[in-house]
Amino acid sequence: MLFVTVRLAIAMLLYVLIILISTQIIHAVTSESTVETFNSFYDFWLFRLFLNLLGYATLFVPAAILIRYFKRNGYKNKPVTGIFSRAIKLCIFGNEIEPDVEDASSTTKENVPEEKHSNYWKTVILLFCFAGLQGSYLTWGILQERIMTFQYGKTETTPGEYFKNSTFLVFLNRISAFIIALIVITLQTQPRLTAPLYKCSYSSFSNIMSSWCQYEALKFVSFPTQVLAKASKIIPVMLMGKLISKKSYEFYEYLSAAMISIGYKMLTVTLNILSHTEVTDILGA
C-alpha cells in the first residue's frame, strides 16, 4: 500500500515537472525570434497532429495512473461515503445493477406489447429518417468545405487567409452534440449505464481524432472525394476479414464494394480532368 502510494506521488511529481518544462519551452518558442520557425512547423499537418495528441496525453496519462491506483488499492470494495467516492466508482468501476431491479425491468419489458405500425407509417418514418439524415449530412458537408476552403478577408490587393484551427471546429461540434444529447436524455428515459465511464473514452477519443483528420483532409481534397474515400474502407475490411478471420461474404456485399470503388475512381478521374481543363484555360488565356 505504501509502495503504491509512493509510486503514485513520484508519477504525479514527474507529471508536474513535465508541465512546467513544457511551459518554459512554449514560452521560449513563442518569442519573436522563433515565431516564423514555429509557424512553418505548424503548417505541417504531422506537427499539428503531434500537438493535438500531446494535449490529450496531459489528460489521459494522469487519468490512467489514477485508474490503475484505485484498482490496485481495492477501492471497489470500499463503502460509498460521499459524492466524490461515488464519482470515482462510477468512472472506474461502473454502476452495478441489483438483481431484483434487473429482473423487474426485464419483466416489465416482456409485459409491454409491441406497437404495430402499418406499412404506410413504416414508409413515412423511413422517408422522414432518410430525408433527415441526408439533409443534415449534406448540410454538414457543405459547411465543412465552406469553412475550410473559403479565403477570409480576401480583397483585390490581399489574398486573404484560410481557417486552420481544426481543433476548434471539433470542439464546437462536440459541444453541440453534448447539448443535444443532454436534451434527449432529459426528455426520454434511457437505459441505465453499467459500464465504467472511463471506457467510453476509447470510442470518444477515436471519434474526436477521426473528426480532426476529416477537417484536416479538407485542406487537401474536396468533401465528395473524402466521403467516397471513407466509404472505400469496406474493401480492406472485407479483404482482412477474408484472409484473417476466414469470413464469407454475400454476393451483394462484393457488388457494393465494387460499385463504391468504381464510383470513387470515376470521381477522381473527373476531378483530375476538370482541374487539368481549368489550368489549360488559364494558360491559354
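Arg 48 counts as buried, because its relative accessibility is 8%; buried means under 20% relative accessible area, exposed over 50%, and partly exposed in between, with a 1.4 Å probe and protein chains only. The model is predicted: local features need pLDDT of at least 70, side-chain atom pairs count only at pLDDT 80 or more, and totals for chains, interfaces and linings use all residues. Residues are numbered from 1 along each chain as its sequence is written, and side-chain values use heavy atoms, with hydrogens and water left out.

**Salt bridges**

Side chains of opposite charge can pair when their charged atoms come close. A salt bridge here is a side-chain nitrogen of Lys or Arg within 4 Å of a carboxyl oxygen of Asp or Glu. By this rule the count is two.

| Salt bridge | N to O distance |
|---|---|
| Arg 48 and Glu 216 | 2.4 Å |
| Glu 216 and Lys 219 | 3.1 Å |

Arg 48 belongs to helix α3 (residues 45-72) and Glu 216 to helix α8, so their pair ties together parts that are 168 residues apart in sequence. Helices (H or I, at least four residues) and strands (E, at least two) are DSSP runs, numbered from the N terminus. Glu 216 is buried, because its relative accessibility is 5%. Lys 219 has a relative accessible area of 27%, so this residue is partly exposed. Arg 48, Glu 216 and Lys 219 are linked in a network of salt bridges.

Contact means heavy atoms within 4.5 Å. Apart from neighbours within four places in sequence, Glu 216 is in contact with Trp 45, Arg 48, Lys 164 and Ser 166.

**Nonpolar cores and surface**

A nonpolar core is a set of buried Ala, Val, Leu, Ile, Met, Phe, Trp, Tyr and Cys residues joined through side-chain atoms within 4.5 Å. The largest one has ten residues, including Leu 49, Val 170, Ile 208 and Trp 212. Helices α7 and α8 (200-217) are the elements that give two or more residues to this core, and α8 gives the most, with four. A second, separate core has eight residues, among them Ile 67, Tyr 69, Phe 70 and Tyr 75.

Ile 208, a member of the largest core, is in contact with Tyr 56, Val 170 and Arg 174, leaving aside neighbours within four places in sequence.

Leu 187 lies in helix α7 (residues 166-187) and counts as exposed, because its relative accessibility is 70%.

**The whole chain**

The chain has eleven helices and zero strands. Of its 285 residues, 15% count as buried. Its accessible surface is about 22100 Å², of which 70% belongs to carbon and sulfur atoms; accessible areas come from the Shrake-Rupley method with a 1.4 Å probe, and for residues only the protein chains shown count as cover.

**Confidence**

pLDDT is the predictor's confidence in each residue, from 0 to 100. The chain averages 76, and 73% of the residues score at least 70. Among the elements, helix α5 (residues 99-111) has the lowest mean pLDDT (48) and α7 the highest (89). Over residues 277-285, pLDDT stays under 50, and the model has zero contacts beyond four places in sequence for them.
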